[in-house]
Amino acid sequence: MLVNQEKIIEALIETVQMVAFSLLFSALIGLPLGILLVVTRKGHLLENTVVFNIINSIINIFRSVPFIILMVAIIPITRMIVGTSIGTAAAVVPLVFYAGPYIARLIENSLLEVDPGVIEAAEAMGATPGQIIIKFLIPEALSSLVLGFTIATIGLVGASAMAGAVGGGGLGDLAITYGYQRFDTTVMLITVAILVVMVQGLQSFGNILSKKIRRR
Amino acid sequence: MIEFQNLKKVYESGGQQVAALDGIDLRINKGEIFGVIGFSGAGKSSLIRCVNWLEKPTSGKVIVSGHDLTALSVKEIREVKRNIGMVFQHFNLLNSKTVFANVAMPLTLAKIPKEEIKKRVHELLDFVGLADKAHSYPDQLSGGQKQRIGIARALATQPSILLCDEATSALDPQTTSSILQLLKKINKEYNITILIITHEMSVIREICDRVAVIEAGKIIEEGTVFNVFSSPKTQTAKNFVSTVMNDQIPDSIKQVIEKQQGLQKVFRINFVGNSAGQPLLSQVAKKFNIDFNVLFGNITELQGTPFGNLIVEFQGPDSEIKRAIQYISHEQVSIKEVTSRAS
């Protein structure tokens with residue numbers, strides 16, 4: 001094996017950091033976008049075709065660009081924000097551009113599942129649109145939202161491994177530079193195994209949490 | 001309390017304009033239970049939703065407790081809504097929240113202090129008979145229990161108007177009856193004006209004071225429950241009444257009689273109030289030289305007044321029958337000849 005244990009742990013920490021930070025920022029972007037996608041659609045709380053169409057198209061554009069190309073394409077933006085285009089911090093920027101719109105769609109999906117009758121009841125009580133979103137829509141969709149975020153997090157684990165290919169660090173970087181380019185099968189297997197465990201763990205955690213919220 | 005003035009609601013669907021409400025004029029008085037009955041698609045859902053602005057009318061006025069809703073700002077309408085509770089066919093409770101939190105919701109939205117909310121919610125749960133379910137979740141309750149929670153929630157802000165949108169249509173007959181009794185109790189104890197829309201005439205019969213029949217976006221008949229039930233004018237109203245008051249001569253009996261000699265003189269006799277307790281027919285038989293044959297009979301209670309309905313065939317000389325009819329007709333009894341195809 002060409003790398004020692006320390007190097008693997010370091011890579012693992014980098015991956016966790018990349019996923020955690022990009023999840024945080026993409027949730028901050030995706031959540032409001034997802035909510036807007038729901039409430040501005042026709043017949044909903046704050047119907048606004050213009051806002052809906054703009055957000056809808058922007059999300060579709062970002063969602064249609066392959067991640068590897070997106071990563072390269074937004075290098076100038078990454079430089080502007082982080083100051084460099086290489087390293088773990090720099091990898092977070094394209095990851096957010098990738099996961100933000102994705103999360104928006106997942107949130108949109110979850111919120112659309114909420115029974116329109118509940119929203120009608122909220123309106124009948126004289127709730128403001130803000131109250132309806134915070135006190136009715138989100139709590140009713142929470143269980144489904146948790147599953148959505150689980151999917152997004154796992155998507156980010158995968159994408160962060162790709163970000164390694166352009167010098168982002170992390171487990172993906174390790175697997176490519178040592179496992180793939182230097183034919184070190186052991187490193188390859190270890191990194192893949194760690195990723196498998198991570199994904200399994202995340203999915204189980206998401207399932208349990210979602211179930212606990214749903215109480216069924 | 002609630003007044004609709006030339007209310008119209010037009011939907012655009014596939015380039016076609018559909019009038020859900022086509023010039024509704026209706027007044028619902030304070031403290032009464034008013035029912036609006038109609039087939040699905042008649043416009044009753046749109047009508048009730050105009051009262052709390054869940055639907056905005058295309059034209060016309062909605063006046064609630066003296067406020068013309070068309071003239072109010074969104075914020076002012078929210079205030080008016082706090083004075084209107086609404087109960088839904090499918091309950092529309094939050095499945096993610098406990099019974100307590102569901103009932104507390106309107107109070108939380110109104111930013112009432114926590115202690116006060118706690119007290120009020122327990123009072124309400126007591127009132128609807130579900131004090132022990134405060135910490136349950138809606139999916140652990142039966143349909144009837146869910147509706148009781150829906151009612152408790154609707155009453156949380158102490159509204160003066162309660163809207164019931166097919167509140168019992170998803171419930172079995174027994175549960176329906178208990179929910180209707182609860183609504184009656186609310187009306188009596190809190191003097192809350194209740195507007196009910198339904199397609200079930202039995203609901204109207206059981207608790208309403210007045211009723212309006214809606215068809216194709218228009219009110220086609222309106223009156224006290226007693227009047228509409230005892231003498232419906234439009235065909236739709238007649239159809240609705242016949243769903244709960246069977247007053248047709250059964251076909252098998254019709255056939256038997258027609259086989260014998262054909263129905264001769266068939267009359268419908270309606271009894272109201274005390275007259276329903278008098279042995280009228282046997283008196284007639286003793287006084288006049290005629291025989292009678294009861295083809296159909298029933299007695300129902302409408303708004304606490306007994307209402308009897310008899311279909312009788314008289315046999316005997318015409319002159320005697322005429323005298324008997326004169327004897328029968330007085331204030332609380334009406335008699336009307338019907339054809340042998342008794343309608």
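Me: In which sense, left-handed or right-handed, does α3(B) cross α5(B)?
Reply: In this predicted model, α3(B) passes α5(B) in a right-handed crossing.

Me: Which residues make that contact?
Reply: From α3(B) the contact draws on B:Val99, B:Asn102, B:Val103, B:Met105 and B:Pro106, while α5(B) contributes B:Ile149, B:Ala152 and B:Arg153. Sorted by class, the contact has six nonpolar residues, one polar and one charged.

Me: And at what angle do the axes cross?
Reply: The axes of α3(B) and α5(B), the latter being residues 143-155 of chain B, cross at roughly 30° and come within 7 Å. Because angles under 35 degrees count as roughly parallel, α3(B) is described as roughly parallel to α5(B).

Me: Switching to the chain contact, how many residues of chain B are in contact with chain A?
Reply: On the chain B side there are 17 residues, in contact with 16 residues of chain A. Both α2 (74-81) and α3 (99-109) of chain B supply at least two residues each to that side, and α3(B) gives the most, with three residues.

Me: What classes do they divide into?
Reply: The side of chain B that touches chain A divides into eight nonpolar, five polar and four charged residues.

Me: What about domains in chain B?
Reply: The domain assignment gives domain 1 (2-244) and domain 2 (251-338), and their centres, taken over C-alpha atoms, are separated by 40 Å. Their contact takes six residues from domain 1 and five residues from domain 2.

Me: Which helix gives the largest share on the domain 1 side?
Reply: That is helix α8 (residues 225-230) of chain B, with four residues.

Definitions and conventions:
Residues are numbered from 1 along each chain as its sequence is written. Chains are lettered from A and ligands numbered from 1 in the order in which they are written. This is a predicted model: local features need pLDDT of at least 70, side-chain atom pairs count only at pLDDT 80 or more; totals for chains, interfaces and linings use all residues. Two residues are in contact if their C-beta atoms, placed from the backbone, lie within 7 Å. Ala, Val, Leu, Ile, Met, Phe, Trp, Tyr, Cys and Pro count as nonpolar, Asp, Glu, Lys and Arg as charged, and the others, Gly among them, as polar. Axes are lines fitted to C-alpha atoms, for helices over the stretch in contact, and angles run from 0 to 180 degrees between N-to-C directions. Angles under 35 degrees count as roughly parallel, over 145 as roughly antiparallel, 65 to 115 as roughly perpendicular and the rest as oblique. A crossing is left-handed if the near helix is turned anticlockwise from the far one by less than a right angle, and right-handed if clockwise. Domain bounds come from an automatic or database domain assignment.
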